[in-house]
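Subject: Structure for you to look at

Hello,

Here is the structure I said I would pass on. Please open it beside this email and follow along; my notes come after it.

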Amino acid sequence: ILPAVVLLAAFLILPAVSTVRYAFTDYNILRPDKIKFCGLDNFVELFGDRDFKKSLVNTIYFTVVVVPFQCILALLLAMLISSRRKGVSIFRAAYFSPNITSMVVVAILWSVLYNPNPSTGLLNAFLTKLGFAPCGFLTDPKTSMNSIIFMSAWQAAGYQMMIFLAGLQAIPGDQYEAASIDGAGKFTQFLKITIPLITPVIFYNLVTQLCQAFQEFNGPFMITKGGPLGSTTLISILIYQNAFKTYDMGLASAMAWLLFLIVAVLTAVSFISQKHWVYYGDEER
């Protein structure tokens, strides 16, 4: 395991520890010899920075919308392919394939779909056929974030789908049989049997996707670069811009640690709240 440990330490642990020090310094990476301690100045600057506040609002909106949407979509897909009918494995592979597709390919695909020109944009061509005006999916600040959210959910839902599928297939069939004998319909069985027994899976997907959503970078960066007018600029993109465009590594490190604290607090709240709704066997935790 030594090679893996060395790589982990060199490219993750040591840089993360270094940002603790950089967050309290005035550090331009082009002038490493002029680094100086500045205390809490970087954090004070962030709380008065309009760009940071806007990126924080964008990130919260992205997370609040994409996480439940992704989970619901994944659960619906898992229920569709949970049967053991012949040929269902083809659909499992099809629904999962976006998750393992290169982000570059995904960005190109959705750029074509979202193209505002009806002659080249497939979605706008379809809207035009229906008699609607073309929509600037990625060029209009009002629709750009929702367009990114839909793309992100489309790509990531396949992974959650497989986890939900494992949870659904672990539910004993005799529980559904007993419910049917008692006269319970499919919808009642879903609410009273399926949902309670897969709450641990739901909890796992919610926590992991919550952490992932707050750190989302690839999709918005590759398609919109945070535009138009900063409507898709997430905190992760702002960290990148400050670190590698304006070279203010101190301010970028402060942003990164604020993001870490936000995610850590929300994760802790999630684990504390699970005892009220997550069902583990014969008891709630």
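Which residues in α12 meet which residues in α13? On the α12 side they are Ile235, Leu238, Ile239, Asn242, Ala243 and Phe244, and on the α13 side Met249, Leu251, Ala252, Met255, Ala256 and Leu259. By class, this contact has eleven nonpolar residues, one polar residue and no charged ones. Keep in mind that the model is predicted.

Next, the geometry of this pair. The axes of α12 and α13 come within 7 Å and cross at roughly 160°. An angle over 145 degrees counts as roughly antiparallel, so that is how α12 and α13 lie to each other. The crossing of α12 past α13 is left-handed.

Leaving out residues up to four places away in sequence, Phe52 touches Leu46, Ile235, Leu238, Met255 and Leu258.

Last, Phe217, in the loop between α10 and α11 (218-223). Is Phe217 buried, partly exposed or exposed? Its relative accessibility is 23%, so Phe217 counts as partly exposed. With residues up to four places away in sequence again left out, Phe217 touches Ser236, Ile237 and Tyr240. Phe217 and Ile237 are 20 residues apart along the chain, and their C-alpha atoms are separated by 6.1 Å.

Regards

Definitions and conventions:
Residues numbered from 1 in each chain as written. Predicted model: local features only at pLDDT ≥ 70, side-chain atom pairs only at ≥ 80, totals over all residues. Heavy atoms only, no water. Contact = heavy atoms within 4.5 Å. Axes fitted to C-alpha atoms, helices over the stretch in contact; angles between N-to-C directions. Helix = DSSP H or I, 4+ residues; strand = E, 2+ residues; numbered from the N terminus. Parallel < 35°, antiparallel > 145°, perpendicular 65-115°, else oblique. Left-handed = near helix turned anticlockwise from the far one by under 90°. Nonpolar A, V, L, I, M, F, W, Y, C, P; charged D, E, K, R; others polar. Buried < 20%, exposed > 50% of the residue type's maximum accessible area, 1.4 Å probe, protein only.
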